[in-house]
Amino acid sequence: MANDFKSVSKTDVAIDRGAFSTMYTGLSAKETILLEIDMANTTVGDITVSIKLAKNGGDTVFLVKAAPIPAGGALKAISGQKIVMEALDVLSVAASAATSADCLVSLLEDV
């Protein structure tokens, strides 16, 4: 078992009108530990952001729903806690305005 620290990023995440930007899909037959999810407001106006986890063959749950981020601000959605992603779970994010948010996810793969 090779544990690999990784990060994935996305600029201009999807606008929350039913479409979310996929940040990460869990490896087949492996677990992944989410270590931190950071989102930044890249605009001069206030926005809200949502983060959800779709469990493979199960429920889709919000980790954060419509959390406010002021202009130029940031949100640490997960920090200091750990969330387990199982095989083929999907982590996705969205913002209330188009081209208004960037996202960075830090994780430990293949655990």
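Visitor: In what order do the 4 strands of the open sheet with E2 run, and in what sense do they pair?

Guide: The order is E2-E7-E4-E5, and the pairing is antiparallel. A strand here is a DSSP run of E with at least two residues, a helix is a run of H or I with at least four, and numbering starts at the N terminus. This is a predicted model, in which local features need pLDDT of at least 70 and side-chain atom pairs count only at pLDDT 80 or more, while totals for chains, interfaces and linings use all residues. Residues are numbered from 1 along each chain as its sequence is written, and side-chain values use heavy atoms, with hydrogens and water left out.

Visitor: What makes a strand of this sheet an edge strand, and which ones are they?

Guide: Strand E2 (21–25) and strand E5 (60–69) are the edge strands, since each pairs on one side only. Neighbouring strands of this sheet are turned by 15° against each other on average, direction ignored. For that angle, axes are lines fitted to C-alpha atoms (for helices over the stretch in contact), with angles running from 0 to 180 degrees between N-to-C directions.

Visitor: How do you know that strand E4 and strand E7 pair?

Guide: Two strands pair if DSSP finds at least two bridges between them. Strand E4 (residues 47–54) and strand E7 (residues 90–95) have 6 bridges in the antiparallel sense, so they meet that rule. Within this pairing, Ser50 stands opposite Ala94 in E7.

Visitor: Which strands make up the open sheet that includes E3?

Guide: That sheet has 4 strands in the order E1-E8-E3-E6, with antiparallel pairing. Strand E1 (4–10) and E6 stand at its edges with a single partner strand each, so one side of each has no neighbour in the sheet. Here too, neighbouring strands are turned by 15° against each other on average, direction ignored.

Visitor: What are the partners of E3, and over how many bridges does E3 pair with each?

Guide: E3 pairs in the antiparallel sense with strand E6 (residues 74–85) over 8 bridges, and with strand E8 (residues 101–109) over 8 bridges. Ala40 shows both sides: Ala40 stands opposite Ala74 in E6, and the bridge partner of Ala40 in E8 is Asp102.

Visitor: Why is strand E3 called largely enclosed?

Guide: Buried means under 20% relative accessible area, exposed means over 50%, and partly exposed is in between (1.4 Å probe, protein chains only). In strand E3 (residues 32–41), 7 of the 10 residues are buried, so the strand is largely enclosed by the rest of the structure. Across the protein, buried residues make up 37% of the 111 residues.

Visitor: What makes the contact of Asp110 and Lys30 a salt bridge?

Guide: A salt bridge needs a side-chain nitrogen of Lys or Arg within 4 Å of a carboxyl oxygen of Asp or Glu. The side chains of Asp110 and Lys30 meet at 3.1 Å, N to O, so the pair qualifies. The pair links distant parts of the chain: Asp110 is in the segment after E8 and Lys30 in the loop between E2 and E3, 80 residues apart. Asp110 has 13% relative accessibility and therefore counts as buried, whereas Lys30, at 33%, counts as partly exposed.

Visitor: How many salt bridges does a search of the whole structure find?

Guide: The search finds 6 salt bridges. Among them, the side chains of Lys76 and Glu36 meet at 2.7 Å, N to O. Lys76 lies in strand E6 and Glu36 in strand E3, so the pair ties together parts that are 40 residues apart in sequence. Lys76 also meets Asp38 in a salt bridge (3.5 Å, N to O). Asp38 lies in strand E3, so this pair with Lys76 of strand E6 ties together parts 38 residues apart in sequence.

Visitor: Is Lys76 buried or exposed?

Guide: Lys76 is exposed, with a relative accessible area of 54%.

Visitor: How do you know that the radius of gyration agrees with a compact globule?

Guide: The radius is taken over C-alpha atoms, and the globule rule is 2.2 Å times the number of residues to the power 0.38. For 111 residues a compact globule would come near 13 Å; the protein has 14 Å, which agrees. The C-alpha trace spans about 45 × 25 × 20 Å along its principal axes.

Visitor: What is the secondary structure of the protein?

Guide: The protein has 0 helices and 8 strands.
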